[in-house]
Amino acid sequence: MSATIKLDAPFSHSLIDDAADPQVGRPLPRVDGPRKVAGQARYAAEHFPGGLAHGVLLRAPLGKGRITRLDGTAARAMPGVLAVVTDPRLIRNGGDFAGSAAPVQGVEEVVYFGQPVGVVVAETFEQARAAALMVTIDCAADDDGVFDMEAALDRAAPPTDDIFGLFLIHTEQGDVEAAMEAAAHRVDAVWTTPSHSHSAMEPHAAVATWEGDRLTLDASYQSPVTSRDQLATVLGIAPENVRFRSPFVGGGFGGKLGLMPEAAAAAIAAQQLGRPVKVVMTRQNVYETTGRRPATHQRLRLGADADGRLTAIAHETITDQLAGESFFEPAGIATHLLYAGANRLVDHKVVRVNKLLAVSMRAPGEAAGQLGLECAMDELAEQLGIDPVDLRLRNEPDRHPEDGMPFSSRGLVDCLQRGAERFGWSKRNRTPGAMRDGEWLIGHGMAASVRGNLYGPSAARVSIGGNGQVTIESEMTDIGTGTYTILTQIVADLLGVSSDRVEVRLGDTDSPRSAGSGGSWGAATAGSAVYAACEALRAQLAAAAGVPLAEARFADNALIARGARHPLARLAGEGMSVEGSTEPGENNARYSQAAYGAHFCEVRVNAVTGETRLSRWNSVFAAGRILNPRTATSQAIGGIVFGIGAALTEELVHDARTGKVVNRDLGEYHVPAHADIPAIDVLFLDERDFIANPLLLKGVGELGTCGSGAAVANAIYNATGVRVREFPVTLDKLL
Ligand code: MOS
């Protein structure tokens, strides 16, 4: 049996609100936590099928050119070595999760430094690693490699694809030039952000096992079914013959959305050798051979009248990517809807470079784009001599400022006001450099936050066994976000079962297909699929009990009606099972949907060394219903830390001669550590979104990242009087 919820009309009510003993909304600790701390949650690299061999990737030692000779003779003679595999399919990447235009090169052609060109397989990892060093790779470099976007801005051209129609390559209305000319106050400047690396704690890893013509991959992916389809395409086999399992994923951030080279390498090598092969990326492999957030070059123009009302908003962005790839960073995406203003322009262009594949990274578009937009707003407020919170309040639109669509819900004003209150913003000294504590300059900064609320088809099966145990099965993943926990809470509320009677099985392509973990849509989509299944199960249970559904209450592991208690274990008989699914509909076409927030922070910048330390942080978010304040707050804090990293330290450095990633480990690619982060105060407003989905929630995963880095840069300006528009704001730029 199956049931679907299509988002075709506003919801007047959510069954979640009828729960007898509500679990949703409570800070239930992660149900998968005990397994994780006990080492029982098995990650991709922790699979050891019989006969397992180990592969180590061979990678191109040049940025653009050809491999003229790949000689594995010496490697093959080393102890334990089974094969040196080269195969043109290895080079094919599926990093583009839109699935279009992924380039297929011959094995000889190299387009970025570190591109996979082969895999050495041996009995042990150490043997394979040692042998890989003995493979001779001769190459001939082309002289037309492009390794620096900033030096090649004149080559910027429109992207090839609008990525599901979501990325809005170019929008224009009114006359920006004339409005800028006429504006009483204006900002016109360029902000740049460098490449970033996802740096998930768990490196990419895959174990490939063939049985006849069927392949099973234990791998670490955010959307196993998408990656399975990409691998099937690479291998030229039917997707039904490939099974991906990713029940536990140690972080993804977008870097595990599309197929990465370790999976293809393991599959191809295992097929050739006739035994299972594991390929675990080293940290250096992850940095050089998976994907990155592209660099951005953003020109922002803001014009305002004397009262601080925006008359012109233009955000022209350039990002970098390999030739032939459709993904681009939609850095102007928040600018479409964040502020009112009649004359508008948002534009995206791409420079084709010979650098590691650019892919989605946490809040693709918004994260980088709000570094520019929210800093430009701060500059404009200063020119106007008005408070930056006030500037945002004056430019609050009542409809989507481009297409006139109503907002499904929009809590930005409340977030700004509550955040200012919690931080004590009214006590801020507006004059840069005015607050000082010994050699530390103190500054306060703020920024708004917005992240689009996306939705996609998703399905899950919910079953009640004859013992009253409830099982949820979905291909959906938990990438550290809390999926296991929130799906447990939803089922507990809708079926009235205690959470210890719920078992969640995730990340298997044999289960109903989900939208995966990405784009902050996981909770909404997987949660709504589970909701659809439970809604149908409630009707089945009522029928089995012989009572009208309207009179049934679900509580205490039973259906209760007319004074009688019917245990679910009995009603389920031999067992009941429903596949629930959900899909976007009119609600998605007719409403502008986004989650909002505001960040406020205090920095201390050392007047002698230029070092920036954070000392206080308050963020307020409006993201509809919060399923679990513990996991949602954890997501918010993680996102804010991501933003702080982008503001202060994170930069993937490419060698200007080859594009090679120079800082390819966590020692050199600086993500914030605990000692860098103050106590972060997060408040979620009590909001419901009756358009978004039957759970009335909006995505929260990437919201914290959006705007947080700009709040830091704006605070640094308030402390020092120095505007740094080239991220990250490292100390050398402040001295
Ligand atoms: Mo996110 S960049 O969609 O994992």
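Predicted model: local features only at pLDDT ≥ 70, side-chain atom pairs only at ≥ 80, totals over all residues.

Which residue in S16 does Asp320 stand opposite?

Modeller: Asp320 stands opposite Val351 in S16. To see where that pair sits, look at the two strands around it. Strand S15 covers residues 310-321 and strand S16 covers residues 343-352; they pair in the parallel sense, and 10 bridges link them.

Now step back to the whole sheet. S15 and S16 belong to an open sheet of 5 strands, and the order across it is S8-S16-S15-S14-S9. The pairing in this sheet is mixed. At the edges you will find strand S8 (170-173) and strand S9 (185-193). Each of these has a single partner strand, so one side of each is left without a neighbour in the sheet. From one strand to the next, the twist averages 10°.

Something also lies across this sheet. Helix H9, made of residues 366-384, lies across S9, S14 and S15. S14 is the strand at 296-304, and H9 runs at about 150° to S9.

For a contrasting example of pairing, turn to strand S3 (residues 65-71) and S7, which run antiparallel and are joined by 6 bridges. There, Asp71 stands opposite Thr136 in S7. Strand S7 (residues 136-141) is hardly covered: among its 6 residues, the count of buried ones is 0.

Key
Residues numbered from 1 in each chain as written. Buried ≥ 20, exposed ≤ 12 C-beta atoms within 10 Å, placed from the backbone. Helix = DSSP H or I, 4+ residues; strand = E, 2+ residues; numbered from the N terminus. Pairing = 2+ DSSP bridges. Axes fitted to C-alpha atoms, helices over the stretch in contact; angles between N-to-C directions. Contact = placed C-beta atoms within 7 Å.
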